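Trainee: Could we go through the aromatic side chains here, and set each label against its cut-off?
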Amino acid sequence: MNERLDNLQAAIAADVQRGHYHGAVIRIGRGGRLDLEAAIGFQDAAHDKRLAADSVFSLFSLTKAFTNLLVLRAVELGRLSLTTRVAELIPEFGGAPRDRATLYHLLTHTAGMPGVWTPKPDMFEDDLGELLQAVCENVHGIVEPGARCDYAPVVNHVLMGELLRRTDPQGRAFRDIAREDLFEPLGMRDTSLGVRPDLRARKVVPDIRGVVPIAVRGRTQPGRHSLFEEEVNDAAHVGACSTAGDVWRFAEMLRRGGTLDGARIVSPRMLQLARQNHTGDMHNELYRGVALRAGWTPPPAFIGLGFSLRGEGIVHHQFGTLTTPQTFGNYGAGSTMFWVDPELDLSFVCLTTGLLPQAANIERFQRLSDMAVGALA
């Protein structure tokens, strides 16, 4: 056994014991070898239900990683271009300056629109068409595309989901595109837009703990955050649920250059471009505020084509301080994260219960990421 991996598990267990969060399922490995798989702690604050390796989690914004890859795939298939203006295919998304926003701007969170958390207060967020209508009617450009980096919790991926739908030769719903073109080819059998009936018994109901103050509603389930328990949704920004094992398969596909077990999703060249820093020295305005409130120096945004990047320098970062600059991945609402370090050949997946506020979440995952690198690199 690797004593340092034992220490990492002990650190999570200590966090759970002191009530920092409820539990975690973690997978870490190098070069395709799974060096650590562990389910530590509980599903709930009462510690009544233990987590298992195959527990199913709401992924929140980690869902965006799937939408990003499907869009990059569509570019390689000639259905979209990074320079495609959104309004060319979605004419209802008109009006300057947002009508100059391209797919590239959506992927890099530089489309010039504000980082709104919902396009319409208390709306249902399970239907892509309703989300699109709310975006087009209510979210307008405030700066020229490319001028500023505002993380978009909803808008960009609603638009990308609709771009995929409108350019799909079969006219499929977004959830079907995701299942047939990504989840099934990668063998991600426990991943779904919506909580399928066969996943329900293993599904962890997220303890929001006030971290997501706005309502994220689905139309058939009760509660302010019922979207995450809907059986079916088309929420391309937050609607997926999955297991650590399935997210690991997704990360391994990325580590291997876009192909896993013979299923090619994107090319190595696309991933090489996607893990470059496309936001320069711009700050991510959302995380600039998080840093200032925490008393930190705001780091650059470090955003690639849909991916968060480790970037240069020693800054507070969920991907740690020991990972290399082109480390790339995605995360969701104070609880879920994966990253791939192409230079160290490392993959890291951690899905947790009991959401943490943004700064505390960054500190938690930074610590665990550094411990993983220290154990295996």
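Trainee: Why is Tyr 331 called buried?
Mentor: Its relative accessible area is 15%, and buried means under 20%, with exposed over 50% and partly exposed in between, for a 1.4 Å probe and protein chains only, so Tyr 331 is buried. Tyr 287, with a relative accessible area of 18%, is buried too. This is a predicted model, in which local features need pLDDT of at least 70 and side-chain atom pairs count only at pLDDT 80 or more, while totals for chains, interfaces and linings use all residues. Residues are numbered from 1 along each chain as its sequence is written, and side-chain values use heavy atoms, with hydrogens and water left out.
Trainee: How many aromatic pairs are there?
Mentor: Rings of Phe, Tyr and Trp (its six-membered ring) pair if their centres lie within 6.5 Å, and planes under 30 degrees apart count as stacked, over 60 as edge-to-face and the rest as tilted; by this rule there are seven aromatic pairs. One of them, Phe 66 with Phe 250, is edge-to-face, at 5.0 Å centre to centre and 80 degrees between the planes.
Trainee: Why is the pair of Tyr 287 and Tyr 331 called edge-to-face?
Mentor: The ring centres of Tyr 287 and Tyr 331 are 6.1 Å apart and the planes stand at 90 degrees, so the pair is edge-to-face.
Trainee: What makes Arg 364 count as sitting over the ring of Phe 365?
Mentor: A charge sits over a ring if NZ of Lys or CZ of Arg is within 6 Å of the ring centre and within 35 degrees of the ring normal; the charged end of Arg 364 sits over the ring of Phe 365, 4.2 Å from its centre.
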